[in-house]
Structures are given as structure tokens and as C-alpha cells.
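Please walk me through this structure, one part at a time.

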Amino acid sequence: MVKEVKKDPNELTVEEKLAALYQLQTILTEVDKIKTLRGELPLEVQDLEDEVVGLKTRIENFKNEVDELKADIANRKHNIEAANALIAKYTEQQDNVRNNREYETLSKEIEYKNLEIELDQKRIREGMDVINNRTEEIAENQVEVEERSKDLEAKKEELDSIVAETKQQEEKLREKAKALEINIEPRLLQAFKRIRKNCRNGLGIVTVQRDACGGCFNKIPPQKQLDIRMRKKIIVCEYCGRIMIDPELAGVVEEVPATPVKKRRASKKVASKEPKAKAAPKVETPDVDMEDVEA
């Protein structure tokens, strides 16, 4: 591991800045692992909370709509009563008219009021149908709210138990991270946090692994690798934007891949179609003296 840096951030060398950043990255990675242990529970809890709030809002809107419809129905009933009173009045006046013109005028008024009554009655029937539908939907949504609330409570209990187990460890790590952030130049720290936020795996600074970036695994030119080993300036990956650090400075041992051993294939003997010739039997020749032969 890299030694903890305790100097003025403005007096740190590039090597010390990189070392401090990598140490901070190591601690934040441990915090990310703790968050990973919680899995999707925080998101599930948030989704359930939003769903419960949405259902309650829908129920409230339905109730408001029902109240408005009831008020409108009461108003239309009042209009019907007023129209019936006027019809009775106009009918009585028709008995005392002086000419046909007044009679026709009163007849038209009576006809108009009857049309208003029919329209109000139609709107009342429609309003009652909507009220019945909304009442059923309110009851269904209330049942759904109760079910989702039970699920939410169960998820919250599960999340709280996991948080309680890792809370102490997470707090210690966050305290270490805050202590390290004090020793890092604010501008560099802000850039590091921005890189971490934009990266999926949360790595803002990575080592060079097998001549490639440890974040996006794209090849790094030899000259840039040399600059990284020189530790004279902060270098970022041209592909993913992560800060790169020499593995030796980070205390990471780069694994050298073992060269695979090629196995020799056994040569297959091709069987000849012709039968093999049998070897001639060995004839033993008796020992003969060369002088007897010459004689």
C-alpha cells in the first residue's frame, strides 16, 4: 500500500499527488464494495416509496373529482327544481294570456326549461356513473397501497439490517477518505471526483496493466508509458480520461502471463496398403579358415 501523505497540498510533488490519489481510490473502492453488498435494495425501496406516494396522490385526485361531481350534481338538482317552478309558473300564466303571441312565448319558455331539465338529468346520470367508477378505483388503489406499504416495510427492514452491519466499517472508511482529501489539492480532487462519477466502475485512477490502461484496457503508446514511469506529470488516458499511475508507485505487482507450452502432436503412421515383406531368415555360416579355401 502507498504511505499516507501528510503535507501541504500545494507543496506535494506529482509522485506524492498520485500516491495520495491512489490511496484515496483504494478507500473509496472499499466503500463502493459495501454499497454493492446492499444490491438493488436502496433502489427498490425508493421505487416502492414513489409508487406508494403516486397511489396516494391518485386516490386524493379521485376523491377531489368525486367531491366536484357531487357538488355539480347538487347544483344541477337545484337547477331542475328551479326550472320546474318556472314551468309551473309559465303554465299558470298561459291561462291568463291576452293573445296568441304571449301564449307562444310562454310555450317556448316551457319547452326550453324542459330541455334544460333533460340536459341536467343526463349530466347527473353521467356524473353518478363516474362517481361509482371512481369509488371502485379508490377502493382498489387503497388495497394496492396497503400491499405496497407492507412490501416497503419489509424492504426497509432488510435494508436497515444490512446497513447496520456495515455502517461502522463504512463510517471508518469515510473518515479516512476525508482525512486524505484534506491533503490533496482541491482542483485535482475535484477532477478526480468528476472522473469517478463519469466512470461506471468508479475508478478515477488506474495502473498500467500489460501495456494497457487498467480502466478501459486500451493500449498505451511506449512514450506515454515512459512518461508515466517518470512520474513528472499527471497523465490521463486518451480513451477513457482516467488518471494513470505507475504500478510500482501504487504498490501493485503486475502479473506476467505464463507462456503456454505447445504440445507436440504425435505423428500418425499411415498404414500401407501393401503387406509388409517378411524379413529373410538369418543363415548361420560356419567359420571357415581362409588357408583351406586357397588350398
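**A salt bridge to start**

Arg 196 pairs with Asp 32 in a salt bridge, and their closest N and O atoms are 3.3 Å apart. Arg 196 belongs to helix H4 (residues 186–198) and Asp 32 to helix H1, so the pair ties together parts that lie 164 residues apart in sequence. The model is a predicted one. Are the two partners buried or exposed? Arg 196 is buried, because its relative accessible area is 17% and the cut-off for buried is under 20%. Asp 32 has 22% relative accessibility, so Asp 32 counts as partly exposed.

Side chains of opposite charge can pair when their charged atoms come close. The structure holds 18 salt bridges.

Now take a second pair. Lys 155 and Glu 44 meet through their side chains in a salt bridge, at 2.9 Å from N to O. This pair also links distant parts of the chain: Lys 155 is in helix H3, Glu 44 is in helix H2, and they are 111 residues apart. Lys 155 counts as partly exposed, at 27% relative accessibility. Glu 44 is partly exposed too, with a relative accessible area of 30%.

Asp 72 forms a salt bridge with Arg 76, with 3.0 Å between the closest N and O atoms. Both residues lie in helix H2, four residues apart, which is about one turn of the helix. Asp 72 is partly exposed, with a relative accessible area of 32%. Arg 76 is buried, with a relative accessible area of 19%.

Salt bridges can also join into a network. Glu 15, Arg 231, Asp 246 and Glu 248 are linked in this way.

**The chain as a whole**

How many helices and strands does the chain have? There are seven helices and four strands. Along the sequence, they follow the pattern α-α-α-α-β-β-α-β-β-α-α. The chain has 295 residues, and buried residues make up 29% of them. Count the contacts in the chain with a separation of 6 or more: residues 24 or more positions apart account for 70% of these.

**How the helices pack**

Two packed helices are described by the angle between their axes and the distance between the axes. Start with helix H2 (residues 41–94) and helix H3 (residues 100–182). They pack at an angle of about 165°, and their axes are 6 Å apart. That angle makes H2 roughly antiparallel to H3, because angles over 145 degrees count as roughly antiparallel. H2 passes H3 in a left-handed crossing. What kinds of residue make up the contact of H2 with H3? The residues divide into 29 nonpolar, 12 polar and 22 charged.

Next comes helix H1 (residues 14–37). The axes of H1 and H3 come within 9 Å and cross at roughly 155°. H1 is therefore roughly antiparallel to H3. The crossing of H1 and H3 is left-handed. On the H1 side, the contact includes Leu 24, Ile 27, Leu 28, Val 31 and Ile 34. On the H3 side, it includes Leu 173, Ala 177 and Leu 180. Charged residues meet here as well, among them Glu 30 and Lys 35 in H1, and Glu 170 and Arg 174 in H3. By class, the contact of H1 with H3 has nine nonpolar, three polar and six charged residues.

H1 also holds Tyr 22. At 17% relative accessibility, Tyr 22 counts as buried. Where is Ile 245 relative to Tyr 22? The two are 223 residues apart in sequence and 8.0 Å apart in space, C-alpha to C-alpha.

**Two loops**

Finish with the backbone. Most residues other than glycine have a negative phi, and most peptide bonds are trans. Arg 210 is not a glycine, yet Arg 210 has a positive phi of about 55°. Arg 210 sits in the loop between strand E1 (205–209) and strand E2 (212–213). Arg 210 is partly exposed, with a relative accessible area of 49%.

Phe 217 is not a glycine either, and Phe 217 has a positive phi of about 65°. Phe 217 is found in the loop between E2 and helix H5 (222–230). Is Phe 217 buried or exposed? At 57% relative accessibility, Phe 217 counts as exposed.

Terms used. Residues are numbered from 1 along each chain as its sequence is written. This is a predicted model: local features need pLDDT of at least 70, side-chain atom pairs count only at pLDDT 80 or more; totals for chains, interfaces and linings use all residues. Side-chain values use heavy atoms; hydrogens and water are left out. Axes are lines fitted to C-alpha atoms, for helices over the stretch in contact, and angles run from 0 to 180 degrees between N-to-C directions. Angles under 35 degrees count as roughly parallel, over 145 as roughly antiparallel, 65 to 115 as roughly perpendicular and the rest as oblique. A crossing is left-handed if the near helix is turned anticlockwise from the far one by less than a right angle, and right-handed if clockwise. Contact means heavy atoms within 4.5 Å. A salt bridge is a side-chain nitrogen of Lys or Arg within 4 Å of a carboxyl oxygen of Asp or Glu. Buried means under 20% relative accessible area, exposed over 50%, partly exposed in between (1.4 Å probe, protein chains only).
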